[in-house]
Amino acid sequence: MVSPKDVPLALTLVPNWDLTLVGNDKDGKEWSEQIHAAPLRDWSLSQNLRYFSGHGHYSLDVQIAEPYLRPGLALELDLGEVHDVAEVWVNNRKIDTLLMRPYRVDVAPYLKAGSNHFEIVVTNTLRNRLVDDGSSGDPHFVMFQRRVFFMPSGMIGPVRLLPEARVKLP
Amino acid sequence: MARYESCQHVANTNMARKDLPKSAVAEAPVYRSENGSVTLDIFLNPYGSELIGLAESPEGEHVVRTSFRSVERTADGVFGVATEPGTYHTEFNDGKK
């Protein structure tokens, strides 16, 4: 068991992740775009991505030191703000699918000392895509011409690793 | 992190917290009961929520004050959750520290 005095400090992961966006164009063909070291930012605030609905694959390699891997210490991966569903993969192993706040999962059992590969697959709703369809004149989505607002999308963070030690009380 | 305080006027009450993402109900082992009034501290993350259930039952051993972020009761006992290095304090309803 880890003493409360020995709990390591929380780690904030860098805000720049490699991001691959995967969706479908108007003809149903798969479309993708890769962005290297993308800042964590709401897709709907980007001129290029505001109409995007689909999956965003975020990936990052993180160095984990031995003190974070002590037996009895949980390490909660906290994704912060996410829109809307997040699938968490660590070292190519699927850990969990997170649907609502808090977007948190204990990743300690899946980590090793040294470099660890994190991949978060975030899927937003279809709304922003339908706004695009409506504003480009598609008669099926004319209702979105009257209500043009975008839903926040993607992983906004901050992404942190939060150590947790459980201490037995007398 | 915001701190909210809820006060319910009920006697001989056990508190239960519902973890919505996991759909699990867990006993809330930290509360204060005085003169028929029960006070429960609730710590919410931004946009966080908790569903508090109240059920009448004999009052058991519980924590009344703690500096741990949270306290959990399991089959193995009562545990404080430490999230940063330091010294933590806990006080039970029988005065034990």
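I count two residues as in contact if their C-beta atoms, placed from the backbone, lie within 7 Å. With that cut-off I looked at chain A of this predicted model. Residues 24 or more positions apart account for 73% of the contacts in chain A with a separation of 6 or more.

**Entry: confidence**

I noted the scores before the geometry. The model has ipTM 0.72 and pTM 0.82. I then went through the elements of chain B. Strand β1 (residues 2-8) of chain B has the lowest mean pLDDT, 37. Strand β10 (residues 90-92) of chain B has the highest, 92. Over residues 1-14 of chain B, pLDDT stays under 50. For that stretch the model still has 32 contacts beyond four places in sequence.

**Entry: chain A overall**

I found 2 helices and 12 strands in chain A. Along the sequence, the pattern reads β-β-β-β-β-β-β-β-β-β-α-α-β-β. The C-alpha atoms of chain A fill a box of roughly 65 × 35 × 20 Å along the principal axes. Of the 170 residues of chain A, 26% count as buried.

**Entry: the sheet in chain A**

I traced an open sheet of 6 strands in chain A, in the order β3-β2-β4-β10-β7-β8. The pairing is antiparallel. Which strands stand at the edges? They are β3 (30-39) and β8 (93-98) of chain A. Each has a single partner strand, so one side of each is left without a neighbour in the sheet. From one strand to the next, the twist averages 20 degrees.

Strand β7 (residues 85-90) of chain A and strand β10 (residues 114-123) of chain A pair in the antiparallel sense over 6 bridges. V85(A) has T123(A) in β10(A) as its bridge partner.

**Entry: nonpolar core**

I looked up the largest nonpolar core and found 40 residues in it. Those with the most contacts inside this core are L79(A), V82(A), A86(A), I120(A) and M155(A). Which elements give two or more residues to the core? From chain A they are β2 (16-24), β5 (73-78), β7, β10, β11 (154-157) and β12. From chain B they are β5 (37-44) and β9.

I then took L79(A) alone. Not counting residues up to four places away in sequence, L79(A) touches A86(A), Y103(A), I120(A), M155(A), G157(A) and V159(A).

**Entry: where the chains meet**

I listed the contacts between chains: 18 residues of chain A are in contact with 18 residues of chain B. On the chain A side, these divide into 12 nonpolar, no polar and 6 charged.

Strand pairing crosses between the chains. Strand β12 (residues 160-168) of chain A pairs with strand β9 (residues 77-82) of chain B in the antiparallel sense, over 4 bridges. I picked out two facing pairs. V167(A) stands opposite G80(B), and R166(A) stands opposite V81(B).

I followed β9(B) to its partner within chain B. Strand β8 (residues 70-74) of chain B pairs with β9(B) in the antiparallel sense over 5 bridges. A hairpin of 2 residues joins β8(B) to β9(B). R73(B) has V78(B) as its bridge partner in β9(B).

**Entry: G134(A)**

G134(A) lies in helix α1 (residues 127-135) of chain A. Leaving aside neighbours within four places in sequence, G134(A) is in contact with F141(A), V142(A), M143(A), F144(A) and Q145(A). I also took one distance: the C-alpha atoms of G134(A) and R146(A), 12 residues apart along the chain, are separated by 8.9 Å.

**Entry: backbone exceptions**

Most residues other than glycine have a negative phi, and most peptide bonds are trans. I looked for departures.

The peptide bond from H83(A) to D84(A) is cis, with omega near 10 degrees. D84(A) is in the loop between β6 (81-83) and β7 of chain A. A cis peptide bond also joins G157(A) and P158(A), with omega about 0 degrees. P158(A) sits in the loop between β11 and β12 of chain A.

For positive phi, I noted A37(A), near 50 degrees. A37(A) is in strand β3 of chain A, and is exposed, with 11 other C-beta atoms within 10 Å. N92(A) has phi near 65 degrees. N92(A) lies in the loop between β7 and β8 of chain A, and is exposed, with 8 other C-beta atoms within 10 Å.

Technical notes:
Residues numbered from 1 in each chain as written. Chains lettered and ligands numbered in written order. Predicted model: local features only at pLDDT ≥ 70, side-chain atom pairs only at ≥ 80, totals over all residues. Pairing = 2+ DSSP bridges. Nonpolar A, V, L, I, M, F, W, Y, C, P; charged D, E, K, R; others polar. Axes fitted to C-alpha atoms, helices over the stretch in contact; angles between N-to-C directions. Core = buried A, V, L, I, M, F, W, Y, C linked by C-beta atoms within 7 Å. Buried ≥ 20, exposed ≤ 12 C-beta atoms within 10 Å, placed from the backbone. pLDDT = per-residue confidence, 0-100.
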